[in-house]
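Here is a short briefing to read beside the structure. Keep the sequence and the model in view as you go through the points.

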Amino acid sequence: MTFELSDRVQTVPPSGIRRFFEIAEERDDVISLGVGEPDFATPWAARDAAITSLEQGKTSYTANRGRRDLREAIADYVADRFDLGYDPDEEIIVTAGASEAVDLAFRSFVDPGDTVAIAQPSYISYEPGVIFAGGEVLPVPTDEEDDFRLTVEGLEEAGADEADMLVLCYPNNPTGAIMPAEDLEPIAEFAREHDLTVLSDEIYAELTYDGEHTSIASFEGMRERTIVFNGFSKAHAMTGLRLGYALGPADAIAAMNKIHQYTMLSAPTTAQYAALEALDSCENDVREMVAQYDRRRQFVLSRFREIGMDVFEAKGAFYCFPEVPEGFTAEEFAEEVLREQGVAVVPGDVFGAGGDGHLRISYATGLEDLREALARIEAFVDDHA
Amino acid sequence: MSEREVLELLRENARYSTADIARMTDLEEDEVEAAIEELEATGVVRGYQAVVDWDKLEDERVRAEVELNVRLDRETGYDDISQRLARFPQVKALRLVSGDYDFDMEVEGDSIREVSQFISEKVAPVPEITQTVTHYVMTSYKENGIEFGDGEDDERLSFSP
């Protein structure tokens, strides 16, 4: 027999980067600038805490919302770093990666037919998440002229005043754009005025190289309509440990917990011990990694300018977003530079509206590899100029 | 502050070109050159060397960490003893340390015999030295901040969201 697939699953197209995997597998000298995860190992103290917890046999389920000591540590951390106040008992849920938290939010707050405005280009999982929840996506393009920041004009042009929900991701994957407080304020006002629920993915908050990260939840009247996502994958280099969390009003977190307790039960216990230690003692490791990313960022931006490719001045995350030279679409460039030079990059189109004509370059790769990869890209551009 | 940044990068890899350092620090190349000249002129940067994993070479290279205890008198201080020892080419590093012994000395030679002879014939007889304890290096796992494990493969996916 063949399975009769649900309409929702059939609606979502396969990932736009799947084809590139196959090409990458054909050769063994590929340098990948296509990865959205740190190349650093999880700080040793966090790994050690995970090992110790295993040695002590701490492998049972935890509270659905996560260990209380971890929720307390998260509450202290977000208060200290981002001036956010959340009650560890009712307003925080620990999840299997921030991705699970995002999915819980869509399934908790989106009814079939609801419209979810997504500031794009953006992380590729939001759109399928909305569709799986039965909602409809309203792309809100941002463009390079506005430094890929979301503007009220952009929201109005896209018709987001009629939407039910707005999804933000700043610092942004894939552009590296950030939204300073002065840019967020009018967005907050727009959300209040049009009664939008806001999902704010702030997983890259620690990776802000210019100024301080501000959460949209910190504006007046926003806390009660915003869910903030964060986690340990990026700044603490813990992608494989799958640990994230969501912050929000008690009733919203309770709704998310309802789905979580029936599907995940609780986030991985070992990872929760690692995360607790990461918050407790790994601040210096985070600072050191951020400093390294910043150096690489400067290096990569500068090299693209030398190569003659226009590149957006990314100020957050670990991505930069150059424009492809004339004569190529982003997809053609990504495919040919992979085939000819063995450099894996992601075409900007896969990140939605506003991403076409660009490439996502991850600099979560050692400097020696970055130097070689950029030399190969330069050779490719010279060959085809 | 830029000098400090340049210094950190040189410590990471002294073979970074001035152009690369300029790209990483957002300085002009001539500013980087000036910072390096200043660091060298003031003696902050004393030299540049390769970090070698001797186990990868067929030629034998013997290294030892030697603990030295000394007795000082009115005429002889730590500096006097250090000057006498540091001039030997076999001595690669010499540090005055706190704790159970006074000097920590790194010695290199082509054979255990050569290193042993050097310690027994040149170091031990120094009148102020009261005791030497020699630890031969068997395997080096990390030198100057660089780990010697054979580069682990990057197991991350070529593409990820």
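V346(A) sits across from R360(A), a residue of strand 12 of chain A. The model is predicted.

**The open sheet 9-12-11**

- Strand 11 and strand 12 (residues 359-362) of chain A run antiparallel and are joined by 2 bridges.
- They belong to an open sheet of 3 strands in chain A, ordered 9-12-11, with antiparallel pairing.
- Strand 9 (319-320) and strand 11 (346-347) of chain A are the edge strands; each has a single partner strand, so one side of each lacks a neighbour in the sheet.

- Strand 5 (residues 165-169) of chain A is mostly covered, with 5 of its 5 residues buried.
- M165(A), V167(A) and C169(A) point one way from strand 5 of chain A, while L166(A) and L168(A) point the other way.
- Strand 3 (residues 115-120) of chain A runs parallel to strand 5 of chain A, joined to it by 3 bridges.
- In that strand 5 of chain A, L166(A) is the bridge partner of A117(A).
- Strand 6 (residues 197-201) of chain A also pairs with strand 5 of chain A in the parallel sense, over 5 bridges.
- S200(A), in strand 6 of chain A, stands opposite L168(A).

**Helix 8 of chain A**

- Helix 8 (residues 181-193) of chain A has 13 residues; at 1.5 Å a residue it should span 18 Å, and its end C-alpha atoms are 18 Å apart, which agrees.
- Its buried residues are D183(A), L184(A), I187(A), A188(A), F190(A) and A191(A).
- Seen down the axis of helix 8 of chain A, the buried residues fall within an arc of 160°, so they line one face of the helix.
- E182(A) and E193(A) are exposed on the other side of helix 8 of chain A.

**A nonpolar surface patch**

- M1(A), F3(A), L5(A), V9(A) and F132(A) make up a nonpolar patch on the surface, and together they have about 630 Å² of accessible area.
- F132(A) lies in helix 6 (residues 126-132) of chain A.
- F132(A) counts as partly exposed because its relative accessibility is 39%, between the cut-offs of 20% and 50%.

**One residue in chain B**

- E8(B) is found in helix 1 (residues 2-12) of chain B.
- With 37% relative accessibility, E8(B) counts as partly exposed.
- E8(B) and G77(B) are 69 residues apart along the chain, and their C-alpha atoms are separated by 34 Å.

Terms used:
Residues are numbered from 1 along each chain as its sequence is written. Chains are lettered from A and ligands numbered from 1 in the order in which they are written. This is a predicted model: local features need pLDDT of at least 70, side-chain atom pairs count only at pLDDT 80 or more; totals for chains, interfaces and linings use all residues. Side-chain values use heavy atoms; hydrogens and water are left out. Patches are made of residues with over 30% relative accessible area and no salt bridge: like charges are joined within 9 Å, nonpolar side chains (Val, Leu, Ile, Met, Phe, Trp, Tyr) within 5 Å. Accessible areas come from the Shrake-Rupley method with a 1.4 Å probe; for residues, only the protein chains shown count as cover. A salt bridge is a side-chain nitrogen of Lys or Arg within 4 Å of a carboxyl oxygen of Asp or Glu. Helices (H or I, at least four residues) and strands (E, at least two) are DSSP runs, numbered from the N terminus. Buried means under 20% relative accessible area, exposed over 50%, partly exposed in between (1.4 Å probe, protein chains only). Two strands pair if DSSP finds at least two bridges between them. The expected span of a helix is 1.5 Å times one less than its number of residues. The arc is that of the directions from the helix axis to the C-beta atoms.
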